[in-house]
Amino acid sequence: MKDSDETKKMKNNQQTWMMRGAIAAALSGAFLVPTVAASAAATPVDAAIAAPRADVWEQAAGFEQGKSRVALTEIEGLVTTALKGDEAQRAGVAGRLVDLVSNAQATTAARAFACRQLARIGSKESVPALAMLLTDAHLSHMARYALQRIPHEEAGKALRESLAKTSGELRIGIVNSLGERRDAAAVPIVDGLLTSADRDTALAIVEMLGKVGNEAAAEVLARLERMRVPGAATTPTDRLADALLRCADALATDGHGKRARELYSLAGREGHHRHVRIAALRGLAFLQPIETAPMVADLLTSKDPLWSGAARELIAEVGNENTTLAYAGLLADTEGEQRLRLIEALEERGDPNAAPEVMALMLTGDHDTIVAAIQALGAIGDDTCVSSLALLASAGSEDARVSLSTMPTPNVDAAIGAALGSEPVSEVRAVLAAALGERRAAGQVPALLKAASEDRFRDVRIAALDSLGVLAGGEDLGKLLGIAAKVEDPAEASCAIDAVVATAGRVPDADARTRRVIAALGSTPAAEGKASLLRVLGRLGGERALIAVSGQLYADGVVGASARAAIAEWPDGAAAETLLGLAKTGRTPAVREAAFRGFVATAGVSGARAPREAVELFRRAFELAENDAEKNLALSGVANLADPAALDLADRFLAGEPTRRRAALVLVTVANAIGDRDQGAARAAIERATGACPDDAEVRRLAGAALDRLERFEDYVTLWHYAGPYREEGADGTAIFSVAFPPEPDGPEGAVEWRDVPAEAIGEPGRIDLNAIASTSNACAYLRTIVVAEKACRARLEIGTDDGVVVWLNGERVHENNVMRALGLGADVVTVLLHEGANVLLLKVTQGGGDWGAAVRLRSEDGRHQDGLHLELPG
Amino acid sequence: MSQRKTLTRRQFVSRAGATVAAPFVLPSLAAAASGLRRPPASERITMGLIGCGGMGRGDMGEFLGMPDVQVLAVADPDVVQRNAAQKEVEQRYAAESASGTYKGCASYNDFRDLLARDDIDCVIQATPDHWHALVVTKAARAGKDIYGEKPLSLTIQQGRVMSDTVHRYGRVFQTGSQQRSDGRFRHACELVRNGRIGKVHTVTCGLPGGSTTGNNPPLPVPDGFDYDLWLGPAPAAPYCDQRTHWNFRWILDYSGGQVTDWGAHHIDIAHWGLGLARTGPISVEGVAEFPKDGLWNAAIDYRFVAKYATGVEIVCTNAFENGVKWEGEDGWVFVSRGRIDAEPKSLLQETFGPNEVHLLRPEGGHRRNFIDCVKSRREPIAPIEEAHRTITVAHLGNIAMQLGREVKWNPDTERFVDDPQAERMRDRAMREPWTL
């Protein structure tokens, strides 16, 4: 803020915002709180509205743009109050406004203001004073502003009478207002003006007639249209054509179909532009949906996509159920491409009334027609289609399977559930069971449980179990555990385990669900059943489950094997320490190996612990690894760690032949994960990996992909610390630009908490999404990094921000742009001088509302990659 | 009959691989960069930009990156803005040309000259709000498809005429309410639409508050700025910098303040989630604090409630976190730009069955969806009728708050119920010679 005017504005803003605190508090409370007038009654202005100052009208009469409008606000308040009052109150205020309108000594701005208020409160008594202004070049518009909205015939009469007293744009304005009022009485008058009117007025009259939209207006418009030379070219923006269409639409709405058809036909003639003729067709199709159906259906195969698109849209939109039947009835008489397009359009229409005709084609048509019909039934089919679609699906039709899953009619679920119990063919029952899951048919869980436990065919039971995994609730867990405990077939057992795990996940209390599984384990006699339940516990994870599974690690047969398999795939990152201990102390090699595998699988699980802590765990794991196979196994876990420290760990195994390849793969994988934050470390790691395994195709492929990704980030600054968001009472997104906060070189003193920009806030290419850090409005945040230059050089900063930005380099303000905008890459370009060594780059990014972010690219002065620069985060 | 406004079966199958849909995925910026190769010039969708301010150039920047789009012209009454836009186009295409130069972008003061060109297929409409209706209707009448910035309209009546005109001419219209193309917003809406939080009773839209400024004295009109054209249909007023460009939106002659500026986004999402995008409330009431002095006169602090026939209420206020929160009998969902949350939390990982509601998932983002629909002649993800219904709620809020009382509304006839005072506020007279 440099000049005094702006400073005043700021203060004004701040004062207003200080008031806002009280208002906001009222607004956030119980609704409805005080009315506007009451809520601010303490202010001088509202006190004046309640009891207006004697000189308020006098002050208003002297109002000029750019001066205080407090007096006008008071009068606006009077109008609002009067509108809630009785006729006498309204007449009193309107009378004062008429006086102001008529006051030749009042300023134009004041009289215009009075017109605005009369638009709200004016009556037929206000009309004469307003009519006087219609011929005034400065006030004619504002007079219409009021008259157009005064719903009395006197206002229309005044507008009509002024036609003879005006010319040029003022008369055009009056014609426009008569059009908005749909003033029927004006039609013969403007018709009379047509012969002598200038071109612009004549066109305004044409448009006005379109808006009036009655029989008389239609007659004039039709006459004008017939005066055209038939087939003569028109302009794309032909206003007569538009008026014909608009008038026709109004007539159609008002029940004058015959005249509307006439106008549509005129607008649809040769010579009119394509979009006008399409509009005419649309009008006719809405007016006569059944009669136009054959014509519209023919257009489906037009080579012109605008015509064929319009036809498809019309079939989807026009008419009612009878129209659906009319279009469906055409199916039998169509063939080839047209029939396919018609089926597709009926599908889009979504009316089940077309289903019988479409189903008939599904049974009798050619291949393409059958496929289209099956697909369409997915949108318009009902319970009567269930058997046919299920039969087709069981025969291998993927389309039928999908349509069975998508048919929207509510009674389809029950029909499928019933068929599952009665259908004699097992393949069809399997399809039906699967469809219930896909349809999320929760009401059919009993039918599925019955099928899962009683159906004689394994495929049906498996399909039912799959669906139960989707649908069963916590209350069904007991029944599902019972089924899982009895299953012997491995494939079926796997499905049962999946279903139990998914269902257990819907029991809110994690400990309770584990206890229920453990209880079932204890009461299950069969080894296969115990094995299944141990796998369930392995999938659920948690401390209690780990104890239960550990108790079976040394059991014989499938039970012990299942327990060991469970810990080898343990899902729960918190168990990593325990598993590492077991890998060291297990009594048998099989247990130690399983625990080691479990550790590798869990230690790198994202979110379980900080990546650096995971790296430390892996260091210990490598000490336990007894052979190269285990080292390679552990390395595969390191690959999950998105942290530069993981690179050091992998480097240790780059030298030895048995582990070199796996270590190289870890390097490129981790480099890919950290490249958006630390391009230098990523590039160096990729180089080490390809140097160690120059001929390994997989290493080279992954390295190439990682380098491609780095290229997309090339030269974008993604290594940032951020501070904020900062806000200031009373400052919006524009004002906060000028408010200094502690991170700024000249800002007020105060502690600044700099934090790493999290990975999830970094998009491509180099966009920092500040909303992902703190979604807010009317705020700002700071981004800071260090650019290290090997030698002094000029460089170009390409800056895109949403919204405004200030840039400091080494404490010097090098760029600013107080703007509300979307983020455009390189929207601002600044050339800067970098010193040799560390340069501190600091950005302030302001936020009005909505999207908020920044993308900064650092390039050479001529816009290319600049060698000899790298980024570091401040310590 | 009405068209399906969600994924058709075909679209669903092609998206979901004929199985249940995956959990929502955050939009990828990389996905916006279409993998299309640049087709010959004769096969590209040709485009013009009308309104070269921040939003317009932001929109255009993305279209410039689409290989099958060619921007041919820009229009703005401010020579500074239109020159900047023209330069941006020419620099972009120059970088792609063998010669390193490009001079194929025309520049117009008057958008009607741009619309008169037969060789332009579609336009970006990014003018101030008081121009939206005129630009959109004239573009539709000229046979252009339109990417139109929000808020759709300045008045309820204008929105009705805009939607009718676009439909009359069968034009493709995409509203610039890009939240619909964001995975977070879509997932939140699909949760609500598919009943995951039970019957919804309240939706709260947190919008920004307004601001004030001083009584800015008139200033000389800057050279090269056709200010009379900028004012266009709005009442005559002397120039000052706080009136034009970005700040127009705080003045009720040109906009509806934050109520419409952000209401256009969040009310749209509220409707989308509720499945009420083609209807409207039956009553609206609210309170607001309007500036008592100064150039800007849109609401500063406000809270209004729109009640629907279904019983649900939409609350719009600046005293709530920016975003949309649906509250139902079985839980709640909150979504904003950058954050989604729900109760129960498991909803965040929820998937939906094939016969449930799947909202459109445009490939490549919101603007790409527009171009794809220009080619396919299908309705884009943010159609004009729904934008009109959205912004009608914001207009009703402003009207109720200006009247200081409840207004009753008939969403079928789009008229106030027995309320001639409110009815007068459905529209305003345009300055001559402009008319819709």
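**Figure 1. Surroundings of Tyr145(A).** Leaving aside neighbours within four places in sequence, Tyr145(A) is in contact with Arg116(A), Ala119(A), Pro235(B), Asp253(B), Arg428(B) and Ala429(B); contact means heavy atoms within 4.5 Å. The model is predicted: local features need pLDDT of at least 70 and side-chain atom pairs count only at pLDDT 80 or more, while totals for chains, interfaces and linings use all residues. Residues are numbered from 1 along each chain as its sequence is written, chains are lettered from A and ligands numbered from 1 in the order in which they are written, and side-chain values use heavy atoms, with hydrogens and water left out. Tyr145(A) sits in helix H9 (residues 140–147) of chain A; helices (H or I, at least four residues) and strands (E, at least two) are DSSP runs, numbered from the N terminus. With a relative accessible area of 6%, Tyr145(A) is buried. Buried stands for under 20% relative accessible area, exposed for over 50%, and partly exposed for values in between (1.4 Å probe, protein chains only). Cys115(A) is 30 residues from Tyr145(A) in sequence, and their C-alpha atoms are 6.9 Å apart.

**Figure 2. The interface of chain B and chain A.** The two chains bury about 8800 Å² between them, 50% of it on carbon and sulfur atoms. Buried area is the accessible area (1.4 Å probe) that two parts lose on being put together, summed over both. Chain B contributes 92 residues to the contact and chain A contributes 111 residues. Between the chains, 36 residue pairs are in polar contact, both residues being at pLDDT 80 or more. A polar contact is a pair of N or O atoms within 3.5 Å; within protein, one must be able to donate a hydrogen and the other to accept it, and residues adjacent in sequence count only if both atoms are side-chain atoms. On the side of chain B that touches chain A, the elements that each supply at least two residues include helix H1 (9–16), helix H7 (156–168), strand E8 (283–289) and helix H13 (384–403) of chain B. E8(B) gives the most to this side, with 5 residues. The residues of this side divide into 38 nonpolar, 30 polar and 24 charged. Here Ala, Val, Leu, Ile, Met, Phe, Trp, Tyr, Cys and Pro count as nonpolar, Asp, Glu, Lys and Arg as charged, and the others, Gly among them, as polar.

Figure 3. A salt bridge is a side-chain nitrogen of Lys or Arg within 4 Å of a carboxyl oxygen of Asp or Glu. The rule finds 6 salt bridges between chain B and chain A. Arg378(B) pairs with Glu348(A) at 2.4 Å, N to O. This pair runs from the loop between helix H12 (366–376) and H13 of chain B, where Arg378(B) lies, to helix H21 (residues 336–349) of chain A, which holds Glu348(A). Arg378(B) is partly exposed at 22% relative accessibility, whereas Glu348(A) is buried at 7%. Arg378(B) also forms a salt bridge with Glu344(A), with the closest N and O atoms 3.2 Å apart. A network of salt bridges links Arg312(A), Glu337(A), Arg341(A), Glu344(A), Glu348(A) and Arg378(B).

**Figure 4. Two salt bridges within single chains.** Over all chains, the count comes to 91 salt bridges. In chain B, the side chains of Arg377(B) and Asp145(B) meet at 2.7 Å, N to O. Arg377(B) is in the loop between H12 and H13 of chain B and Asp145(B) in strand E5 (residues 145–148) of chain B, 232 residues apart. Arg377(B) is buried, with a relative accessible area of 7%, and Asp145(B) is buried, with 2%. In chain A, Arg199(A) and Asp200(A) form a salt bridge at 4.0 Å, N to O. Arg199(A) is exposed at 63% relative accessibility, and Asp200(A) is partly exposed at 44%.

**Figure 5. Arg249(B) in its loop.** Arg249(B) lies between helix H9 (227–231) and helix H10 (258–261) of chain B. Its relative accessibility is 7%, so Arg249(B) counts as buried. The side chain of Arg249(B) reaches the backbone oxygen of Trp246(B) at 2.9 Å. Not counting residues up to four places away in sequence, Arg249(B) touches Ser255(B), Gly256(B), Gly257(B) and Asp261(B).
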